[in-house]
Every structure is written in structure tokens, then in C-alpha cells.
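Let's take a walk through this one together. Have the sequence and the 3D view side by side as you read.

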Amino acid sequence: MARLHRRMVAALSGGTLLALIAAPLAAASPREAPATPRAVAEGNASLVMVLDSSGSMAEDDGSGSTRIESARRAVGTVVDALPDGHPTGLRVYGADREEGCTDTRLVRPVEPLDRAALKRAVAGVEPRGDTPIGLALRRAAEDLPGAVGGSLDRRTILLVSDGEDTCGTPDPCEVARELGGQGPSPKSSGSPGSSGTLRIDAIGFQVDGKAREQLECIARAGHGSYYDAPDADALARQLQRASRLSADGYRMEGERITGGRTADDAPEIAPGQYTDTIGPGEKRWYAAKLGGPAESAADDLAVTAVPQPGVPVASMDGLRLTLVRDEKYRPRCGSTWRYFGRNAGAMPITAAVSRIPSADGDRACDGAGRYLLTVERRSHADSDRGRWPFELLLATEKPLAEGTVPAHSEPHYGAGGKDAPLPTDPPRDVEGGTGFNDARRLGPGVWRDELIPAQTRWYRVRVGWGQQLRYDVEFGNEPTVDGPAGTLTRVSTEVYGPTRVPVRPSGEFDTGALYRGEPAAVSGGTVPVAWTNRWESAARAVPVRRAGEYYIGVGLDPDAAELAENVAVGFVLRVAVIGEERTGPEHGAPAVRERGGDRDGGQTRKETEAAGDGSGPGGAGWSGPAVAAAAGAVTALAIALAAVYTRYTRSRGRTAARTAARTAVAKDGGAGRTADGTGNGAQSGKTEGGAW
């Protein structure tokens, strides 16, 4: 970290980092991927703004404009920033009559974004009457489209008000609580409100006292966030943040299923990806038929839960995953608990368990058969009670080809440790993905992106056999608002393997840092990719056992909304892939010749071994052209290497794939188990902090 600190100080002394981050996003060169607006699938997300047009909005806001004039300009900035085609509507209240508690009207329906039409609609709104917030919220929920085909859509009501409800009936906080209970349901009935997530954000424009308390209650009951806007600039800033969180929420993919309440009604899953939801204190059951050592070298079950961004969570809130044999639920074959680690706003959280059969195939969790996975959510009584949508990924890794002697493990960082040199090129602009499914593909280089509070950006970098990932995330100076003295927030990062198993840094890297608008940095990386890393006990090594795309998550805590003056906070991401790539996981594999395709962001690589190097969730561990090319050499070397390899692995406390005395070759890629037979040492019985 000392070297990283020196590098940052040197850059900052010349103003370099600030210039790199704060410079306007330039037009991309032919080698760069332009940061274009996201395409939003119809039915995946929708937004309706509910604008206060009561008589008080005609008052001066202190800037020489009326509140409604400032609100019109703020809405204009929102529609300019939203992605093309994002379903967006506008509802007003208090605009048509001087008195009346039924005065609410949809001035622009929720349909694919028409920027000009929305601006014309808000320009025609004049403040006149009362403030029927409760009724307007109820009507706004009806304005939003229902879920399509049982999908987990995201529906957002964005309320802007300069005062409290003046009608009293229906009570707006009770309405928000009622609406917040509409989605998503534990039963995938497909009826309106049974799928998807409804979120209510509230922005208080120059409010205090009871008005602010009421708006905070609406946001809390509606599983959303409250944003304070003391002036026109703050109103525009907070409106943009809330709307972009709605548009750029985590893109979920997978077959919709409903986990069992008991083991007896657990649905059976095959390798693939699924979506479900879970409430506070619930436990979900799933069943999977897993193969023995001859069919499977590893089975990974990863769960990514996506709470509403920024809602209250407690330090120990999180997910517990447990994998057991379907024989009186014993023995336990893997267990992990991931928790947020701090009292803050919610962000995505990922947990994973792995079953890695032993080489001998005689342990209790090695055999083929039916296994049960439980997913349990733990939430403090004061935490948000909304249901969490989540993705469940089951990925099976095939054994090595017959006669393959895998290279030795690489459990240490070595050249890719914290002092590894990183690129210093001028940064290129990118826009990270919303999650695993649309993570932005990057190659080695220097990249520039930005985060809004409560947001996580996702990237994927291909790392081959024998290579390791290393990166830094650097935040520069940012203007801050005049808030409470000493306001702090946090920036974080995490790495995941190709099957979403978190890679724990074991203290090597600073994956989280406090941030107050001044320079800060977080960092991460992996050990070299080696097939036999699965036999290690360190959590930094076990997931780094297959070539493929490794994921980087970079996040900014929600309370940055109280700190940052700009809508988003910029950062620079420096990425290096260290080491010479090998053609496969076998001992003595030759180096890969230069590949075709562009490694830079946004370009699709021409991978000749994409399905055969284990880079995909269901991919083989090692097969394809590399096998044919190296088969003769491996066969000739197998007998001579087996004895050496066996002595080496035993000296490190592991069981060889097959001993020389048995077959004279290392036949498969089975991994050793922990001494108690409960599973992979990195996953079994571990509790892990971290937001994602």
C-alpha cells in the first residue's frame, strides 16, 4: 500500500489524478467503447415522477425563481440524463383546483421516454391547490406497468414535495406501507404486484419539521430513500440520483422459481441461473443432482441478493448458505455467511458455497446424488423489511481430460501483490455494468467511470491459466456540500471468480476506505490461476481455479448523497493482468501465442477456447485444442511427473489427483476436503463481511 500511496501522491502533486477523474467524458477514440445510454428492456424497469403542484410551489425558493420553476428545470435535467427508451411518466397533484383532495392527474403516461413531450408536460403545470400526497401515491402505483411474465421488474415512484399532506385521508405513510407490501411476493402467481419491486423515493424541497418527517416515513415504508433538497441545485442533483438509480438498477436474469419452505418442497435445479425472492428471517430450500468425481470437479452455488439500494441494513444483516446431502440433511458439505459489516444503506451482496469432490471419491460429500441448498436471510428488526430479489447460479466444472497432470498450485500473490506496477496510460471512458449479467468487459489499461451514491459498477476481465488480476481504484478530490462537519462515506471493491465465488484478499489489499471528497484508493487482485488452487485452504486461492472472466465490483455507499456536490463521483480504475498465459492447466503447458481480438473494453474477444477453458458457468475444466496440442507431451511426461507431483502435493498437505502407484498418471481434478468432511475449507463454516 505504501507504493500505491506514493504513486497517488505523485500524481496528485501535479494535479494529474484530479484532471483524469474530473475531466469531461471525452468522445471515445476508435479503440474505446463509448459510454452510451443503456438500453432498457421493456417491462424491466419503469419510473413515474409525482410532482407537488400545490399553491406553496408558487413561492420564491430563494434563488430568484419560484419553486415550481426550479422543479421544472430539475425535471428537465432528469429526462436528459435518463437512458433512451426508459419508461417514464409524470403525475402531478394540486395543479387543477384551488381546493380539493382529489386533485391529481397523470400528465404524461408511463411509456418509452419522450424527452420533448415530458418537458412540454411539466412546462404546462401551474401550482394552485392542496396537497393530496396519499391519493397521488396510490394513483401513481396504478400508473406503473405490471410485471411481464413473472419477471422481477423494478418500478419506482419518485415523489417531489415542498410540504406535508394537507388532506389526511388516505394517510400517505400508510399508503406507502400498503404499496411497499405489493412486491415481490413469495409466490410467483403472475398476478399484478406479485412480481417485481416497487420503490418509493421522496425528495423534500426546502422542508423541515413535520413535513420532512412525513416524507422520510413515506420513503422508509416504501423501501426507498429520502433525499433532502434545501435549494434548487440540490433538487436537480437529488432528482438525477434517484432517477438514475431506478434506471441503472441491477439487471437480473434467470428462470423464475420459488424456493421451498421445507426440504420436502424444494424445487430441483440444474446447472444454470434462476431468480427468486426472500424476506426477513426466511429460509429457502433448493435441490440439485450433483455428479461424483468422474462427472464433476467442482460445483459452485452462488447467490446474489439485491436489496433496494440504500435502504437501512444492520452490520450483521446478510445471507447464510448451507449445502447438505439429502440423507437426513447430513453431512454438511459447505456453509458460508456473508454480511454487510456496517450499519449503512443496502447494496448487492453475494455468497457462495462450493462442493469439490476429493481425489479418492470416498468422502461423504463426494458421491453423486441429491443435495440440498438452503438460503437464509438474516435481518435486524430495525432494518428494511422489503423482500430481496436474488439470483441463484449453479455451475458445474468438468474434470480434467484423462491423463492430464495439472500444474502445481499458486496460493501466493507473488508478482501480483500490492506493490505490483500498474498501467499509467491516459484513462479511457467506460460505463460499468449494473451487475454480473452486464458487467463491462475490460482489458489491461486505465479506465475512467463514475458512481452515484448507493451504486455499484461491475466489470469483467479475462484472466488465463497462470495469470493473475491486479487493479487499483482511485478517487480524487470532489466538491462537497455544506453538510455536517466530518461527514464520511465509504468506497469499496471486491473480486469474484468466473462462477461468482468471492475471492477474499486475506489482508493483502485495502478493499474498503473512508471517503470525504478527498483522494482515496481501494485495491484488489487474485493469485495466479491454477487448477490445483482448489486444494488449498486459503480463501484467496480456492476460487482462483479456472481460467475465464473475473468480476470486479466497485461501490460507493449511499450516505455519499449527503456529502458529494456533483451528481456522481468520478474514479480511475487501473487494471493489469500479470504473467504469461498458458494454453491449459497441465504441468508444463506452453505459453499462449498472441490471440486475435481486442482486449480493450467493449470489444468481443475471438476466444478459440471459450467453451473449453472453464471460463463459463458450465464449461469444462480443460479441453479442446489445447488437449490435442499437448496430449503427446503430457502422455510422455505423465509417468515421470506423477511421482514428483505426488511428493509435492503431499508436502503441502493435499491429496494428489491420483498417486503414481495407482495409475501412474494424475487422472482427474478432484480436490481434497477439509478434515471434518464438511467441504471446501474456504467456504465451510466461514463468516464473511463485505457489501457484495
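In what order do the five strands of the open sheet come? They run E7-E9-E18-E11-E16, with mixed pairing. Before going further, a word on the ground rules: this is a predicted model, where local features need pLDDT of at least 70, side-chain atom pairs count only at pLDDT 80 or more, and totals for chains, interfaces and linings use all residues. Residues are numbered from 1 along each chain as its sequence is written, and side-chain values use heavy atoms, with hydrogens and water left out.

Strands here are DSSP runs of E with at least two residues, numbered from the N terminus, and two strands pair if DSSP finds at least two bridges between them. Strands of a sheet pair through backbone hydrogen bonds, either parallel or antiparallel. At the edges sit strand E7 (255-256) and strand E16 (349-355), each pairing on one side only. E7 joins strand E9 (residues 272-278) in the parallel sense over two bridges, and Arg256 stands opposite Thr275 in E9.

Now for the rings. The structure holds 11 aromatic pairs (rings of Phe, Tyr and Trp, taking the six-membered ring of Trp, with centres within 6.5 Å; planes under 30 degrees apart are stacked, over 60 edge-to-face, the rest tilted). Tyr286 and Phe390 count as edge-to-face because their planes are at 90°, with the ring centres 6.5 Å apart. This pair ties together distant parts of the chain, 104 residues apart: Tyr286 in strand E10 (residues 283-290) and Phe390 in strand E18 (residues 388-397). Elsewhere, Tyr250, Phe436, Trp458, Tyr496 and Tyr551 form one aromatic cluster.

What about the nonpolar cores? Such a core is a set of buried Ala, Val, Leu, Ile, Met, Phe, Trp, Tyr and Cys residues joined through side-chain atoms within 4.5 Å. The largest has 41 residues, of which Leu469, Phe475 and Leu573 touch the most other members. Several strands give two or more residues to this core, including strand E21 (445-451), strand E22 (456-463) and E24. Strand E29 provides the largest share, five residues. A second, separate core of 38 residues includes Val75, Val79, Ala234 and Ala236.

Finally, look at Glu494 in strand E24 (residues 489-496). Glu494 counts as buried because its relative accessibility is 7%.

How values were computed. Helices (H or I, at least four residues) and strands (E, at least two) are DSSP runs, numbered from the N terminus. Buried means under 20% relative accessible area, exposed over 50%, partly exposed in between (1.4 Å probe, protein chains only).
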